[in-house]
Structures are given as C-alpha cells and as structure tokens.
Amino acid sequence: MLQNIRDNSQGWIAKTIIGVIVALMALTGFDAIFQATTHKNEAAKVNGEEISQNELSQAVDMQRRQLMQQLGKDFDASLLDEKMLRESALKGLIDRKLLLQGAEQAKFAFSEGALDQVILQTPEFQVDGKFSSERFDQVIRQLGYSRMQFRQMLAQEMLIGQLRAGVAGSGFVTDAEVLAFARLEKQTRDFATLNVKADPAAVKLTDDEVKAYYDEHAKEFMTPDQVIIDYVELKKASFFDQVAVKDEDLQAAYQKEIANLSEQRRAAHILIEVNDKTTEAQAKAKIDEVQARLAKGEKFEALAKEFSQDPGSANNGGDLGYAGPGVYDPAFEKALYSLSKDQVSEPIRTDFGYHLIKLLGVEAPEVPTLASLKDKLTRELKAAQVEQRFVEATKQLEDSAFEASDLAQPAADLKLTVHTSKPFGREGGEGVAANRAVVTAAFSTEVIDEGANSTAIELDPETVIVLRSKEHLKPAQLPLESVNVAIRTQLTKEHASAAAKTKAEKLIADLRDGKAPLDKAVDGQNWKATEAATRGQEGVDPAVLQALFRMPKPAAKDKPTFTSVTLPDGSLMIVRLNGVNEAAAPTDEEKVQYRRFLASREGQQDFAAYRKQLEAQAEIKRF
C-alpha cells in the first residue's frame with residue numbers, strides 16, 4: 001500500500017503542463033474550440049458564453065478517434081453509443097468553459113515566453129533533442145489544429161492547469177490525520193475462517209418447482225429479438241487502382257512540399273515584463289539600461305541571467321533553442337528574422353513587455369530530391385483523388401438506395417455485392433453487426449417496420465454501408481424442455497446456498513452463545529487461522545478481507561466477533577475475528593508519504609468541490 005501511496009501521491013502535481021494538456025485532450029476530446037460560431041448553431045451556453053454544435057460535433061469525433069487509436073485492433077464499435085458520446089463530450093466542454101471562466105475570474109496569467117518555452121521544450125515537438133518546426137506542424141495537424149489554434153488552445157490549458165494547481169495544491173492535512181490514517185493503514189488482524197460448503201447433491205427438486213420457476217420468470221426465457229440484414233459495402237480502397245497521377249501534378253506537389261521547408265533560427269532574449277508591478281515607462285527604462293550595458297561590451301548571456309524575467313530561459317543565458325516560423329509572437333518573430341548571426345535587436349515590444357533579441361545561429365533546411373519523395377507524394381495525390389471518388393460514390397449510393405425498394409439496383413449501379421448477415425440482436429453480433437450504428441439502423445422504425453433502406457452508415461473512415469432488413473425474428477417463448485436443465489441448475493445452486501447459509505447462521509449463533517467450542521472442527525473441517533493479516537494480505541479472498549476489516553473489535557480475547565461471506569459457488573465462509581493489532585508509530589519517511597498521499601487526495605477533492613461549485617453557481621443552458 002505504501003508503494004501505491006508513493007506512486008499515487010505524484011498524481012497531477014508531478015506532471016508537466018504539457019502532460020496535463022495531452023491527458024485532457026486524449027481522455028475528454030476537447031477539440032476545435034476556436035471554430036467560428038453563430039447563435040443559430042448553439043449546443044449550450046455557459047454564463048452567456050456559447051458552445052457551438054460545431055464544437056460539440058468535433059469533440060464527439062475526437063473522442064471516437066481517440067478510442068479507435070487507443071484500442072486499435074481490439075476496438076469494438078458496438079461499445080460506442082452516439083448519445084452517450086455526445087452527452088460526455090458536451091459535459092466536458094461545459095466543464096472546460098467553467099474552468100476557463102474560473103481562471104479568468106481568479107486572474108491567473110502567464111507570459112508569452114512561458115508559452116513559447118512549453119512548445120520548444122515539449123519532447124513530441126523535438127527531433128534529436130532540438131525543437132523541429134516540421135515535427136511541430138506534423139503533430140498539431142494530426143490533432144486538427146493550425147499553429148495559431150494550437151497556441152490558443154495551449155494557452156487556455158495552461159490557465160486551467162494553473163487553476164487546478166492553485167486549488168488542489170492548497171490541500172493540507174494535520175498531524176492527527178496523518179497518525180490516524182497510519183494507525184488504520186498499518187493495523188493488522190488475527191482471524192480464522194471455516195468454509196460451510198454448499199451441497200448441490202443434497203438438493204431434491206420436483207417438476208412442480210421447476211414449472212413454478214419457469215412460469216414466474218417467463219420473460220427471462222424468450223428468444224432474443226433478432227434481425228437478419230442485407231447490405232452493400234463501399235470501400236475507399238477499391239478506388240486506388242482506378243486513379244493515376246500525372247507528372248505535372250507530381251512536380252507541383254514536390255514544389256509545394258519543399259516550399260514549406262523553412263530555416264530554423266536559434267534565438268536568445270532578455271525580457272522585461274510590463275505588468276501590474278512594472279509600468280510601460282519603467283520597463284522601457286530597464287531595457288534601455290540593459291541595452292546600454294550591452295553596448296559597453298557586457299555579455300548578453302550574463303545580462304540575461306541577471307535581468308531577464310522569462311524563467312524558462314534566463315538561467316540559460318536567454319537561449320530559446322532552434323525554432324521555425326510561426327512559433328513566436330509575430331513582433332518577436334519579425335525582429336528575429338531581420339537579424340544577422342550574433343546581432344542583437346533594438347528593444348521589441350510584445351504583449352508581455354520589452355525584449356532584446358539575439359540571433360545565435362541559423363540552420364538551413366535540407367531539401368530532399370524528387371526521387372526520394374516520389375512514392376510519398378504519389379500516395380498522397382492518389383489518396384486525394386480516391387477521397388473525392390469515395391465521397392461521390394457514397395453520395396450516389398445513398399441517393400440510389402433512397403430511391404430503390406431493395407439493394408439490387410444500388411449494387412448494380414456501383415458494381416457492389418449484396419451480402420447477408422447472420423442473425424443478431426440489439427446487443428450486436430459479428431462482422432458489421434459489431435458496429436453500434438449498424439445495430440441502431442437495423443432496429444430503427446424505418447428499416448425494421450417500414451422496410452426502407454437505411455442511409456449510408458460509416459463503419460470507419462474507409463468503409464460505408466447501406467442495409468435493409470431481410471428478416472425480423474421476433475421474441476418467442478422458449479419451451480420448458482429447452483430450459484429445464486438451466487432452471488434445475490439455477491434452483492439447485494440457490495437451494496444449496498440457502499441451506500449452507502442456514503447452517504452457517506446456526507453455527508455462528510452457537511459459537512457466540514458458547515454452545516459450540518471455538519476451535520472444534522466442523523464436519524471434519526478445521527478452522528484456518530491467519531495471524532497479523534494486512535489489508536492487502538495475499539492468499540485471502542478480497543471479499544473476505546473486506547468483510548474482515550469492517551468487523552467490530554472483539555470485546556475480549558475469548559469473545560471473538562463473527563460474520564459470514566457468500567462465495568461465488570454458493571458456499572458460506574464464516575469469518576472469526578480473534579483480535580486487532582495496533583501498529584507501531586509510523587517512521588518519519590512513512591509520515592511524509594502518508595501526508596503527501598492524503599494532501600493529494602484532499603486537493604483532488606477540493607478541486608472536484610470547486611468544479612461543482614462553479615457548476616452550481618453558473619447559468620447553463622443546453623439546446
């Protein structure tokens with residue numbers, strides 16, 4: 001347990017800001033929060049601030065993609081419920097909006113330099129330990145962001161991270177709480193167990209009992225509601241052999257590819273912030289003073305360590321490392337790209353204050369040859385054509401299916417084959433029936449009752465199907481003969497367990513009243529004693545351990561307490577608590593671990609309570 005506490009106590013406190021961002025994005029799907037919205041496209045309003053339907057749809061898509069990426073081949077589409085996904089995504093967006101509003105009200109803030117440092121120092125954006133503009137673009141494109149959108153998103157996540165740290169980081173515990181927790185955590189118990197076995201062989205069932213159970217539970221003995229569907233499947237991959245790439249298109253793509261390559265510039269800066277404590281004039285005077293000292297020959301690196309208010313780079317002499325266009329503030333970037341190597345700029349004003357910028361180095365991009373990129377560019381150009389073909393064919397399939405009374409004509413139009421599924425129920429089945437959207441469509445009123453073809457259903461980004469009901473197998477009562485064995489098995493287990501429970505209860509009563517000796521074997525079975533058992537004792541059934549540590553302390557050594565636990569096979573385990581052993585006082589190291597764990601848990605509870613308070617006080621409208 002102590003190791004678990006040691007691990008868990010690290011929690012969110014020990015994680016970096018970017019780690020929090022990635023976790024939030026991966027688990028909650030907060031995505032595309034910067035799209036333009038209108039009042040006609042509202043999913044919710046939080047204290048007057050809008051969450052658009054567009055944001056919600058993209059958040060749902062992000063959740064779905066994350067599940068598919070995380071589970072890979074183990075992904076079971078039937079587990080996805082569209083309504084639940086939307087509700088989860090909307091709740092996440094509302095929570096996020098509330099936290100941003102809370103951070104704004106609490107006046108949390110950070111410098112633009114701090115934001116730059118997070119980007120530059122994020123390992124996912126680095127190649128060989130250095131920031132890579134191309135890698136940065138590649139990663140954020142996969143997440144669906146432009147550079148500006150990512151910076152805005154990152155800024156908001158940093159604010160939420162500050163708010164979380166401010167609230168949860170204030171959690172504390174008293175010495176008395178630490179000692180009380182240690183006493184309970186390190187406490188051990190002496191106990192013994194005796195298994196009162198269920199005896200199915202002793203149970204005698206009559207046909208009338210079986211019939212009565214069958215009649216009473218008639219609804220449990222029905223055939224499932226099932227359907228058999230016909231469907232046609234349109235696959236994107238089938239179009240790859242139908243498209244070709246022209247030489248002129250390949251050459252144009254190559255020119256575009258190398259045009260995107262940009263040189264990397266290694267910058268250093270000295271920042272004097274303009275904030276509540278430092279006025280515009282004071283900051284300008286300070287940066288002018290630093291510039292004057294530079295002019296007299298003092299080292300830029302030394303002055304950065306002495307004066308720069310960017311904590312991420314000051315200790316490194318202001319060094320920001322290599323970065324390409326689009327990473328820094330526009331004014332900062334413009335000045336940087338006007339410098340020659342080792343040249344220092346004039347004071348540059350950004351939203352966060354005044355900078356002196358020094359260009360430390362320039363790395364020219366390595367331009368690949370057309371031959372080295374030909375296969376990649378060919379695939380991309382063909383993929384674009386295939387995507388267009390696939391979109392057009394999907395629309396054609398949907399239109400044809402809407403107009404047709406079966407799937408024969410749509411299949412003929414697109415040279416597709418009509419497939420037939422195995423029977424499946426509302427819980428899904430094999431193949432296409434494992435997809436929740438397919439199951440929903442198959443059991444929809446339009447398909448199952450009205451006999452219509454479905455709309456186009458996306459199984460995955462590469463596959464679309466249209467289906468229709470071939471046969472509806474409605475629920476029917478199963479005959480008693482077909483379920484007789486199952487009923488007898490169930491009743492036998494229940495009766496045997498009930499008999500074992502009655503026997504265990506009588507034995508416990510006799511033990512409490514002194515009518516039966518505490519250590520005498522029962523039916524040839526001896527008590528199994530365990531001394532000084534911990535809460536994580538190995539070799540003991542978890543249900544027995546849970547019951548053991550809930551039992552009251554014995555009044556005396558010869559007055560143990562008793563309880564019983566029903567086991568999965570119907571047997572009863574009698575638990576006799578002989579004694580409770582109080583632990584020695586915790587060591588200083590253990591106190592530190594316990595305190596950290598309890599403070600972390602307290603902080604998380606405080607933050608959860610804070611979120612609930614924000615929600616309770618907010619005006620939230622869902623549309």
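Trainee: Let us start with the helices. At what angle do helix 4 and helix 7 pack?

Mentor: In this predicted model, helix 4 (residues 82–105) packs against helix 7 (residues 147–168) at about 70°, and their axes lie 9 Å apart. Helix 4 is therefore roughly perpendicular to helix 7, because angles of 65 to 115 degrees count as such.

Trainee: Which residues make the contact?

Mentor: Helix 4 contributes Arg96, Leu99, Leu100, Gly102 and Ala103. From helix 7 come Met153, Gln156, Glu157, Leu159, Ile160 and Leu163.

Trainee: And how does that contact of helix 4 with helix 7 divide by class?

Mentor: Seven of its residues are nonpolar, two are polar and two are charged.

Trainee: What about helix 8 and helix 20, at what angle do they pack?

Mentor: The angle between helix 8 (residues 175–186) and helix 20 (residues 588–617) is about 105°, with 10 Å between their axes. That value makes helix 8 roughly perpendicular to helix 20.

Trainee: Which residues are involved there?

Mentor: On the side of helix 8 they are Asp175, Glu177, Val178, Leu179, Phe181, Ala182, Glu185 and Lys186. Helix 20 supplies Glu590, Lys591, Tyr594, Arg595, Phe597, Leu598 and Arg601.

Trainee: How many of the residues in the contact of helix 8 with helix 20 are charged?

Mentor: Eight are charged and seven are nonpolar, while no polar residue takes part.

Trainee: Moving to the sheets: in what order do the four strands of the open sheet lie?

Mentor: The order is 15-5-17-16, and the pairing is antiparallel. Strand 15 (528–533) and strand 16 (561–566) are the edge strands, each pairing on one side only. Ignoring direction, neighbouring strands of this sheet are turned by 25° against each other on average.

Trainee: Which helix packs on that sheet?

Mentor: Helix 18 (residues 480–513) does, and it touches strand 5 (188–196), strand 16 and strand 17. The direction of helix 18 makes about 35° with that of strand 17.

Trainee: How many bridges are there between strand 16 and strand 17?

Mentor: Six bridges pair strand 16 with strand 17 (residues 572–581), in the antiparallel sense. As an example of facing residues, Leu577 of strand 17 stands opposite Thr561.

Trainee: And the open sheet of three strands, what is its order?

Mentor: It runs 2-1-18, with antiparallel pairing. Its edge strands, each pairing on one side only, are strand 2 (49–52) and strand 18 (620–622). From one strand to the next, the twist averages 20°.

Trainee: How many bridges join strand 1 to strand 2?

Mentor: Four bridges join strand 2 to strand 1 (residues 42–46), and the two run antiparallel. Glu42 has Ser52 in strand 2 as its bridge partner.

Trainee: Last topic. How many cavities of 30 Å³ or more turn up in the whole structure?

Mentor: The search finds one. The largest cavity has a volume of about 40 Å³.

Trainee: What lines the largest cavity?

Mentor: The lining consists of Glu112, Gly113, Asp116, Asp329, Phe332, Thr350 and His355. Helix 5 (residues 112–121) gives the most to it, with three residues.

Trainee: And how does the lining of the largest cavity divide by class?

Mentor: There are three charged residues, three polar residues and one nonpolar residue in that lining.

Definitions and conventions:
Residues numbered from 1 in each chain as written. Predicted model: local features only at pLDDT ≥ 70, side-chain atom pairs only at ≥ 80, totals over all residues. Heavy atoms only, no water. Axes fitted to C-alpha atoms, helices over the stretch in contact; angles between N-to-C directions. Parallel < 35°, antiparallel > 145°, perpendicular 65-115°, else oblique. Contact = heavy atoms within 4.5 Å. Nonpolar A, V, L, I, M, F, W, Y, C, P; charged D, E, K, R; others polar. 1 Å grid on protein atoms, 1.4 Å probe; cavity = no way out; pocket = protein on both sides within 12 Å on 5 of 7 lines; lining within 4 Å. Points joined across faces, edges and corners; volume = space filled by probe spheres on them. Pairing = 2+ DSSP bridges.
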